[in-house]
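Here is a walk through a protein chain, one contact at a time. Keep the model open and follow the residues as they come up.

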Amino acid sequence: MPPHDGEQQQLLANRLLDSNEEETAYDYSDKVHIIGVDEHDGEDFTEAPPFSWKKLWLFTGPGFLMSIAFLDPGNLEGDLQAGAIAGYSLLWLLFWATAIGLLVQLLSARLGVATSRHLAELCRDEYPTWARLLLWIMAELALIGADIQEVIGSAIAIKILSRGFLPLWSGVVITALDCFIFLFLENYGVRKLEALFAVLIAVMAVSFAWMFGETKPNGVELLVGIVVPKLSSKTIKQAVGIVGCVIMPHNVFLHSALVQSREIDHHRVGRVREALKYYSIESTAALAISFIINLFVTTVFAKSFYGSEIANSIGLENAGQYLQEKYGGGVFPILYIWAIGLLAAGQSSTITGTYAGQFIMGGFLHMRLKKWQRALITRSCAIIPTLIVALAFDTSEKSLDVLNEWLNVLQSVQIPFALIPLLCLVSKEEIMGVFKIGSTLKVISWLVAALVILINGYLLMDSLSSAVSGVLFTSVVFAFTGGYVAFIVYLILRGITFPNWFVKNKSITSIEN
């Protein structure tokens, strides 16, 4: 039986007291305070108050920070390759992939709001030490893989804007300094940081909308591509890439922490419901904007290069030059418009990566370090391998594209280790109380998770089949694959809540034996 509203309020209060004894995602003074805004005497504490535009504005921010992961350089490269190779035919998949991403991120926000703790903290308490450390390592690997793509994307943009004067490695160093921008702005409050991201998203929107207007994609084909599903054997790799880029493991951890930047009254069930409502609205709006921006990029390259001889060779580094050769200069050369949008995408995503790294490290390891110390550790873990990559691949576009494909594989194999714990936790009544997901949503969520994991598994097998050779290397790969699958099965079985009759019968059988 689920607890009554009065019991649920007491559960929420107890969880709030427990969380106050630990290090929290945000200090009280750093939070945006919602308590006291548009409150009325005699309101029902169990129901969400009426809609308020003022409150929606105060809650707006975390969803837009979360949406940056849908606009990072890795996603942009997937967009341009999908457009150049598949034309308009995969726009429907881009739409539904964004919808899947929205579902996952709303579950992450639900977890953070209902428990006052983020996913990494809850995993630390939920799993034994060995499993917790494995989950942390997987999350860090995914974050490093994403950060390399994001920093390299920024470095490519800087190289273009400097007309080749600044090599790739120097762009990496410049991008690394965004950590200090982040630290500086965070000292002035979370709203200042959110304002910076709003500006960067606006820069991306204007840049890619400008390119959309310059290239003039076919409106009818665009609408047909969104509405009519179409998939062929020639475009399966791009389709897998679109879906694989949607769920970023570090972003699942990040969003559950970002929603705690608002101070709400957890003693009132209605106020928690209200927070979930506003976060759902702003997250939906943020991902709608990200979908439009991704749509711009895909259709620009569909219009420009679909069916051409160079379609299969386009990547982040040469995309702007190919556009320049096709459309020429003008007052604002399209090459530099592309570079400005790419730079905004890279800079914003590297800052969110630093942000996510703080929560992941602090949550899993319970490290009581100052924010700037955690940020520097997180940034160093990503910048050192990125510098090596920049120095090794500065003169080889093809090798950089191959590396990017393997980084996508690295991130895709980490998805189950964020997604499965999330679904298990939001389904547990002892953790979520009345805010646990219902049976219908649980079934849909697990089906979506299975689909995403299978699609990314296909990407992994496709990549390994072309790279694995030799008995020794094949044996090592099979051994790691076995351990990988076993850990996934362990996470799923641990999260399953067995019926009471099953547990009772199992206990009786054990006693008889």
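Which residues form a nonpolar patch on the surface? The patch is made of V485, V489, I492, L493 and I496. Together they have about 370 Å² of accessible area. Such areas come from the Shrake-Rupley method with a 1.4 Å probe, and for residues only the protein chains shown count as cover. Patches are built from residues with over 30% relative accessible area and no salt bridge; nonpolar side chains (Val, Leu, Ile, Met, Phe, Trp, Tyr) are joined within 5 Å, like charges within 9 Å. L493 is found in helix α22, residues 471-495. Helices (H or I, at least four residues) and strands (E, at least two) are DSSP runs, numbered from the N terminus. L493 is partly exposed, with a relative accessible area of 47%. Buried means under 20% relative accessible area, exposed means over 50%, and partly exposed lies in between (1.4 Å probe, protein chains only).

A word on the source. This is a predicted model, in which local features need pLDDT of at least 70 and side-chain atom pairs count only at pLDDT 80 or more, while totals for chains, interfaces and linings use all residues. Residues are numbered from 1 along each chain as its sequence is written, and side-chain values use heavy atoms, with hydrogens and water left out.

Turn to the aromatic rings. The structure holds 19 aromatic pairs. Rings of Phe, Tyr and Trp (its six-membered ring) pair if their centres lie within 6.5 Å; planes under 30 degrees apart count as stacked, over 60 as edge-to-face and the rest as tilted. Take W210 and F332. Their ring centres are 5.4 Å apart and their planes meet at 85°, so this pair is edge-to-face. The pair links distant parts of the chain, 122 residues apart. W210 belongs to helix α10 (residues 190-215), whereas F332 sits in the loop between α15 (316-327) and α16 (334-365). W210 is partly exposed, at 37% relative accessible area.

Other rings gather in a group. F51, W53, F59, Y278 and Y279 form one aromatic cluster. Y278 also has a charge over its ring: the charged end of K277 is 5.1 Å from the ring centre. The rule asks for NZ of Lys or CZ of Arg within 6 Å of the ring centre and within 35 degrees of the ring normal. R191 lies over the face of W57 in this way, at 5.2 Å from the ring centre.

Side chains of opposite charge can pair when their charged atoms come close. A salt bridge here is a side-chain nitrogen of Lys or Arg within 4 Å of a carboxyl oxygen of Asp or Glu. By this rule there are eleven salt bridges. R191 forms one with E194, with the closest N and O atoms 3.2 Å apart. Both residues lie in helix α10, three residues apart, about one turn of the helix. R191 is partly exposed at 26%, while E194 is buried at 9%.

Next comes helix α14, residues 269-305. Here R271 forms a salt bridge with E274, the closest N and O atoms being 3.2 Å apart. R271 and E274 are three residues apart in the helix, so about one helical turn separates them. Are R271 and E274 buried or exposed? Both are buried. K55 joins R271 and E274 in a network of salt bridges. E429 and K436 form another salt bridge, at 3.8 Å from N to O. E429 is partly exposed at 25%, and K436 is partly exposed at 35%.

Now look at the loops. S52 lies between β1 (32-33) and α2 (53-59). S52 is buried, at 9% relative accessibility. Its side chain reaches the backbone nitrogen of K54 at 3.3 Å.

Backbone angles come next. Most residues other than glycine have a negative phi. S116 has a positive phi, near 60°. S116 sits in the loop between α5 (91-115) and α6 (119-126) and is buried at 12%. K216 also has a positive phi, of about 55°. K216 lies in the loop between α10 and α11 (219-227) and is exposed at 59%.

V389, in helix α17 (residues 371-393), is buried at 11%. V389 and I148 are 241 residues apart in sequence and 8.3 Å apart in space, C-alpha to C-alpha.

Key. Polar contact = N/O pair within 3.5 Å; in protein donor to acceptor, adjacent residues only side chain to side chain.
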